[in-house]
Amino acid sequence: MGDGGRHDNDKLKGAGFSTRQVHSGHIQDELGSVMPPVYQTSIYSFRDSEHGAEVIREREAGYVYARWGSPNSRMLEAALADLHSGAGAWTFSTGIAAVNFIYFALLRAGDHIICAESLYAPTRYSLELYWSRFGVEFSFVDATSLDAVAAAVRPNTRHIHIETPANPALRVSDIAGCAQIAHDAGARLSVDNTFMSPLLQRPLELGADIVMESLTKFVNGHSDVVGGALVLADKELCDSLYKPWYTLGATMDPHQAWLIQRGLKTLKLRVLAAQENAQAIAQYLAAHSAVSAVHFPGLPSHPQYELHQRQASGPGACISFELKGGLAAGRALMDRVQLCTRAVSLGGIETLISHPASMTHVGLSSEERAQAGVPDGLIRFAVGIEDSADIIADLEQALV
Ligand SMILES: Cc1ncc(COP(=O)(O)O)c(C=O)c1O
């Protein structure tokens, strides 16, 4: 590492997204490797005692130990910070570790956090089951309503966390509006941007303080690794999280980071292809007689269609839809599909289909599922980059 591990995003100033997704964060090694190698080592040697002291004092001066970051995780962090217009970033072993790090690093006993009620389930359970034991107070509100968010503010509110668009119905929250409410209350706003990726939506540019990505999804894009990241708007806050980050220990392995950075280099090509497919499939589903509702921010019938258009450059590639035939129709669809893969998750190159009532939410009663916003006929559809005609043909033969 000739330059002690520094990267140089400055020469990319003014470059477009496609250029930056390929080159941002790259650290040139002494061998001239065009693609970064996997730095598969847990420890790094110091040149002498002075160098050891320098590296311990100043993170940018080099590397110590893989839990404190590797060239691979640092390259990925620099690229994500650049693509999200942030001051810096931290990577994590999973997306949910990144969410928990927000709670761990930024909240203390007696603090109150407001969260959207439509949230990735473990993001919610973690507060309810675990952080509540340490005296963290929380409220879950309908974050599609700025009035509801503002009404939940208390004197001890320190943080607001939203996800947009959010499962299960792809509801959209106003990022700039939530940032204003948070800042007026002396709190911070974090946004789970997993369904959009930095290509389609950049919450920091809209006033959010922190953006969270499950890199497992679109950023990696190949369903072969998990990972997460937080990108921060404020350099000072970002730097202050170095010690809590390596102390918590949910840091990213070099090989994980290498795979995710490889995926990131083709983000725009993949997301635009999947999104174009999703638009065609959403329109097909909206006209299908077996379907009672289609939830997709790219359809003008979506309740926050205009808001989403204002704050994002595209609807993404995740659709949810409801079958008139309820549970039985959902099971039948799952059993009949041939091209679409029955699996949870999203953001990969392959199309995934899941039916929460018979899979992830099978342990709940029909009433409990309805209350959780997951009616028995709800299907989650994560569109890949196959030919849209083939995906539609699969749905056509499977929908009865
Ligand atoms: C919106 C959202 N946020 C966070 C996560 C958690 O990410 P990970 O599975 O990488 O831990 C997921 C995973 O499905 C998700 O869909």
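I began with Asp192: an N or O atom of its side chain is 2.7 Å from a nitrogen atom of the ligand. I count a polar contact as a pair of N or O atoms within 3.5 Å. The model is predicted: local features need pLDDT of at least 70, side-chain atom pairs count only at pLDDT 80 or more, and totals for chains, interfaces and linings use all residues. Residues are numbered from 1 along each chain as its sequence is written, and side-chain values use heavy atoms, with hydrogens and water left out.

A polar side-chain atom of Lys217 lies 2.8 Å from one oxygen atom. For Gly95, a backbone N or O atom lies 2.9 Å from a ligand oxygen.

Next I checked burial. The ligand alone exposes 390 Å², and the protein buries 91% of that (Shrake-Rupley areas, 1.4 Å probe).

I listed the shell, taking residues with a heavy atom within 4 Å. It holds 13 residues, and Ile96, Asp192, Ser214, Thr216 and Lys217 are the closest.

Last, I turned to a sheet. Its 5 strands run in the order S8-S9-S12-S11-S10, in an open sheet with mixed pairing (strands are DSSP E runs of at least two residues; a pair needs at least two bridges). S8 (291–295) and S10 (341–342) are at the edges with a single partner strand each, so one side of each lacks a neighbour in the sheet. S8 pairs with S9 (318–323) in the antiparallel sense over 4 bridges. There, Val291 stands opposite Leu323 in S9.

Technical notes:
A polar contact is a pair of N or O atoms within 3.5 Å; within protein, one must be able to donate a hydrogen and the other to accept it, and residues adjacent in sequence count only if both atoms are side-chain atoms.
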